[in-house]
Amino acid sequence: MTVNEKIAKIREMMDANKIDAVIIPSADPHMSEYFSDHWKTRAWVSGFTGSAGTFVITKKVAGLWTDGRYYVQAEKQLAGSEGVLFKMNEPETPKTYEYLAKELSENAVVGINGQLFSASYIKTMKESFAKKNIQIDSNVDYANDIWEDRPAESATEIYNLSVEYAGKTTAEKLTELRQKLKEKEADAIAINTLDGVAWLYNIRANDVACTPVAVAYAYISQDEAVFFTNTNRVGEEVLKSLKDNGVVVRPYEEIFSSLKELDKETSVLCDEKEMNYGLYHVMEENENIHLVLAENPIRLMKAMKNEVETKNTYEAYIQDGIAEAEFYGWLYEALENGESITEYQASEKLYSFRAQREHFKGDSFTAIIAYRDNAAMMHYAPKVEGSAVINRSHFLLNDSGGQYLTGTTDTTRTFAMGELTDEERRDYTLVLKSVIAMSTVVFKEGTTGYGLDVLCRAPLWKYGLDYRCGTGHGVGYLLNVHEGPQSLGDRTTKLQEGMVLTIEPGIYTEGSHGIRIENTAVIKKGEKTEYGQFMHFETFTVVPIDTVPLKLDMMTDEEIEWINKFNHHAYETVAPYVSERAEKWLKKASAPISK
């Protein structure tokens with residue numbers, strides 16, 4: 001079926017069941033950013049393949065809501081269908097529920113799959129719909145009903161993450177979690193997020209591409225810990241480890257019946273932002289369950305990496321730096337020899353170099369290898385067909401990373417392939433100035449990411465430039481490459497020691513170029529004075545930053561000193577472990593500069 005045929009089929013079902021609109025999100029029941037193909041329903045219906053977006057079908061309109069990272073991609077992929085782009089976060093664009101509250105008539109019915117929305121989002125929707133008495137039917141899943149060849153849910157082999165990598169045993173984590181539940185006056189907690197379950201139980205799997213998690217739920221009380229998953233893929237070694245740490249394993253779907261049938265009066269901590277509405281509603285309906293609405297304490301526990309995790313992550317970035325050096329050494333040699341290399345071929349070659357590294361478990365996200373104007377699409381991913389050929393001019397952007405037993409990596413470099421325009425050189429210099437500003441900041445304990453965000457944007461704002469995305473996100477440990485609650489933009493989460501964040505400002509000019517430089521860093525405590533505890537960033541990344549495009553007259557002496565020191569450190573750290581070709585590239589790429 002074409003996109004328009006799918007929309008028409010869904011509208012037939014809407015008419016038959018007196019549904020006035022359906023909302024198809026980019027989501028799975030675990031509120032994951034990335035999920036298995038089984039849940040890529042919005043992409044299947046709309047034709048838009050970006051990772052973030054919501055498709056709304058009414059009797060007259062089929063609208064796609066997505067953010068600034070995907071405007072260019074969405075317009076291209078919606079072309080030829082009746083899909084209309086609604087640019088999220090723009091002042092004139094209403095949220096999906098605001099749009100429906102305005103456009104639908106009184107007593108209308110909106111259909112959704114309740115397991116694909118958080119409890120807090122449904123609460124907001126209900127408030128928005130109240131004036132017109134618009135109802136929500138949470139058992140509507142028409143898009144999946146018509147998806148005949150829908151992939152099955154993933155159930156890959158689960159493996160243990162031993163304490164030499166995790167830093168703490170599951171039993172130790174459970175003890176800490178139970179203490180935090182007591183502090184919240186809660187007897188138990190239901191855990192909905194896949195990375196939360198994986199972190200707590202020190203297990204990993206490959207149910208989601210690029211994210212080593214198992215599709216699962218967890219329930220922890222003061223006297224039991226349950227792991228709900230597809231039990232057929234849990235081997236004896238994992239079963240023994242879980243049992244030794246006080247965890248029992250039960251089938252995935254039993255989370256619903258176990259909470260529905262809970263016959264003991266229990267206070268259950270529930271994070272409405274993370275809990276899917278289907279599971280929330282089951283608990284809400286059980287008279288024995290008293291919901292304690294609070295943030296899941298695992299989020300912060302997981303975000304603040306312990307000493308073992310931090311030490312291991314340094315090693316992961318060394319391995320990744322070796323792979324990147326081998327890649328650039330190969331790429332520049334191939335281009336100098338006149339070989340024709342496409343973006344897709346380059347991404348495949350980069351993966352092969354990572355695959356040779358110690359403890360490598362796979363990519364941490366689909367590599368963004370984008371030449372020239374393709375880099376203006378922030379989440380561009382090259383395909384086998386239609387991939388651009390890399391020429392000896394303009395910029396090549398490489399945003400990629402790996403999953404290692406020793407950590408998760410995420411690095412972006414933009415390299416000059418040859419001749420650049422004056423605008424490209426200016427923009428590149430501004431982006432580097434932004435990276436340096438954040439990398440060198442000293443801030444007081446208690447500062448939020450929002451409090452630092454302006455440091456990266458200020459150099460761009462002076463030229464009337466900005467970027468439509470966050471300045472930096474948290475990174476998990478052999479888990480989600482995008483990890484909360486910390487980010488360089490969040491208004492509420494205080495930045496604390498052990499949190500790992502990316503620093504990645506950029507400039508994206510449609511039809512011309514995209515520039516991003518990204519390092520990953522951990523927050524460390526610095527000096528403590530009468531004015532309080534001061535903090536700073538310590539960078540993991542050891543890939544040289546290109547100095548060829550720089551307009552040195554725009555840079556201060558301190559900035560030039562920083563880039564020289566950074567590149568020298570990258571060379572000294574990685575050079576002893578690479579091939580002669582890669583070492584030659586490293587030496588050239590890290591050569592000092594001066595005005």
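The following dialogue reads selected features of a predicted model.

Trainee: Which residues lie nearest the centre of the largest cavity?

Mentor: They are Ile23, Ile24, Val140, Asp141 and Ala143, out of 14 lining residues. The most comes from β1, which supplies four residues. By class, the lining of the largest cavity comprises nine nonpolar, four polar and one charged residues.

Trainee: What lines the second largest cavity?

Mentor: That cavity holds about 40 Å³ of space. Its lining includes Ile189, Ala190, Ile191 and Asn192, together with Leu269, Cys270 and Asp271. The elements giving two or more residues to the lining are β8 (188-191) and β13 (266-270). The largest share, three residues, is that of β8. Six nonpolar, two polar and two charged residues make up the lining of the second largest cavity.

Trainee: Turning to pockets, what is the volume of the second largest pocket, and which residues lie nearest its centre?

Mentor: The second largest pocket has a volume of about 460 Å³. Of its 19 lining residues, Tyr332, Glu336, Trp585, Lys588 and Ala589 lie nearest the centre. At least two lining residues come from each of α14 (307-336), β20 (411-416) and α19 (580-589). Helix α19 gives the largest share, five residues. The lining of this pocket has nine nonpolar, three polar and seven charged residues.

Trainee: How does one read a nonpolar core, and which residues touch the most other members in the largest one here?

Mentor: In soluble globular proteins, nonpolar side chains tend to be buried together. The largest nonpolar core in this model has 45 residues, and Leu100, Val110, Tyr219, Leu259 and Met283 touch the most other members. Helix α12 (residues 277-285) contributes the most to this core, with five residues.

Trainee: Which residues does leucine 100 contact, leaving aside its neighbours within four places in sequence?

Mentor: With those neighbours left aside, leucine 100 is in contact with Ala21, Ile23, Val56, Thr58, Val110, Phe129 and Ile134. One of these, Ile23, is also among the residues nearest the centre of the largest cavity.

Trainee: Where does lysine 18 lie, and is lysine 18 buried or exposed?

Mentor: Lysine 18, although not a glycine, has a positive phi of about 55 degrees. It lies in the loop between α1 (3-16) and β1. Lysine 18 is exposed, at a relative accessible area of 71%. Cysteine 210 likewise has a positive phi, near 70 degrees. That residue lies in the loop between β9 (203-204) and β10 (216-221). Cysteine 210 is partly exposed, with a relative accessible area of 24%.

Trainee: How is the packing of two helices described, and at what angle do the axes of α8 and α9 cross?

Mentor: One considers the axes and then the residues that meet. The axes of helix α8 (residues 170-183) and helix α9 (residues 194-201) come within 7 Å and cross at roughly 115 degrees. On the α8 side, Thr170, Lys173, Leu174 and Leu177 meet Trp199, Leu200 and Tyr201 of α9. By class, this contact has five nonpolar, one polar and one charged residues.

Trainee: Finally, how far apart are tyrosine 344 and valine 384 in sequence and in space?

Mentor: They are 40 residues apart in sequence and 5.9 Å apart in space, C-alpha to C-alpha. Tyrosine 344 lies in helix α15 (residues 343-355) and is partly exposed, with a relative accessible area of 25%. Leaving aside neighbours within four places in sequence, tyrosine 344 contacts Pro382, Lys383, Val384 and Ser387.

Key. Residues are numbered from 1 along each chain as its sequence is written. This is a predicted model: local features need pLDDT of at least 70, side-chain atom pairs count only at pLDDT 80 or more; totals for chains, interfaces and linings use all residues. Side-chain values use heavy atoms; hydrogens and water are left out. On a 1 Å grid over the protein atoms alone, a cavity is a set of points where a 1.4 Å probe fits but cannot get out, and a pocket is an open set with protein on both sides within 12 Å along at least five of seven lines; lining residues have an atom within 4 Å of a point. Ala, Val, Leu, Ile, Met, Phe, Trp, Tyr, Cys and Pro count as nonpolar, Asp, Glu, Lys and Arg as charged, and the others, Gly among them, as polar. Grid points are joined across faces, edges and corners, and a volume is the space filled by probe spheres set on the points. A nonpolar core is a set of buried Ala, Val, Leu, Ile, Met, Phe, Trp, Tyr and Cys residues joined through side-chain atoms within 4.5 Å. Buried means under 20% relative accessible area, exposed over 50%, partly exposed in between (1.4 Å probe, protein chains only). Contact means heavy atoms within 4.5 Å. Axes are lines fitted to C-alpha atoms, for helices over the stretch in contact, and angles run from 0 to 180 degrees between N-to-C directions.
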